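Welcome! Please take a moment to look over the sequence and the model below before reading on.

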Amino acid sequence: MSLDEVRKIRSQTSWDKVGSNGDYAGDAEIDVDWSRVEVVRPEKKIMISMRLDPDILEFFRSQGPGYQSKINAVLRSYMNAK
C-alpha cells in the first residue's frame with residue numbers, strides 16, 4: 001500500500017475506550033495468541049555515504065528521531081513499486 005492509501009484507511013480503534021481504561025498494567029490484560037506470531041529479524045544495515053539535497057535532509061530531520069529509517073522506508077517503497 002502507498003502512504004496515501006494507508007492514510008485513507010479508517011481507524012477501527014475506539015480511542016474513547018482506550019483512554020478510559022488507563023495504563024497497561026500487566027500481561028493478564030492482553031489476550032495474545034502467541035501461536036500465530038512470526039518472528040522477523042531485520043537485515044543488518046550497511047553504512048554508506050550519500051549526497052542529498054539540503055532541503056530533503058532537513059525535511060526528514062524535522063520529522064524527529066528515526067529520520068534515517070524513514071529515508072530507508074521511502075527508498076524501500078520506491079524499490080517495491082518498481
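Here is a short tour of the chain, grouped by topic.

This is a predicted model, in which local features need pLDDT of at least 70 and side-chain atom pairs count only at pLDDT 80 or more, while totals for chains, interfaces and linings use all residues. Residues are numbered from 1 along each chain as its sequence is written, and side-chain values use heavy atoms, with hydrogens and water left out.

**Confidence**
- The protein chain has an average pLDDT (the predictor's confidence in each residue, from 0 to 100) of 85, and 91% of its residues score at least 70.
- Where pLDDT is low, the predicted coordinates should not be read in detail.

**Overall build**
- The protein chain holds 4 helices and 0 strands; these are DSSP runs, with helices being H or I of at least four residues and strands E of at least two, numbered from the N terminus.
- The protein chain is more spread out than a compact globule, because its radius of gyration is 19 Å, well over the 12 Å that the globule rule gives for 82 residues. That radius is taken over C-alpha atoms, and the rule is 2.2 Å times the number of residues to the power 0.38.
- Along the principal axes, the C-alpha atoms fill a box of roughly 50 × 30 × 25 Å.

**Surface**
- Of the 82 residues in the protein chain, 2% are buried (buried is under 20% relative accessible area, exposed over 50%, partly exposed in between, with a 1.4 Å probe and protein chains only).
- The accessible surface of the protein chain is about 8,800 Å², with 53% of it belonging to carbon and sulfur atoms; such areas come from the Shrake-Rupley method with a 1.4 Å probe, and for residues only the protein chains shown count as cover.
- Isoleucine 48 sits in the loop between α2 and α3 and is exposed, with a relative accessible area of 58%.

**The aromatic pair**
- The whole structure contains 1 aromatic pair, formed by phenylalanine 59 and phenylalanine 60 in an edge-to-face arrangement, 5.3 Å centre to centre with 85° between the planes.
- Rings of Phe, Tyr and Trp (its six-membered ring) pair if their centres lie within 6.5 Å; planes under 30 degrees apart count as stacked, over 60 as edge-to-face and the rest as tilted.
- Phenylalanine 59 is partly exposed at 48% relative accessibility, whereas phenylalanine 60 is buried at 14%.

**Leucine 3**
- Leucine 3 belongs to helix α1 (residues 3-8) and is exposed, at 54% relative accessibility.
- The C-alpha atoms of leucine 3 and serine 77 are separated by 9.1 Å, with the two residues 74 apart along the chain.
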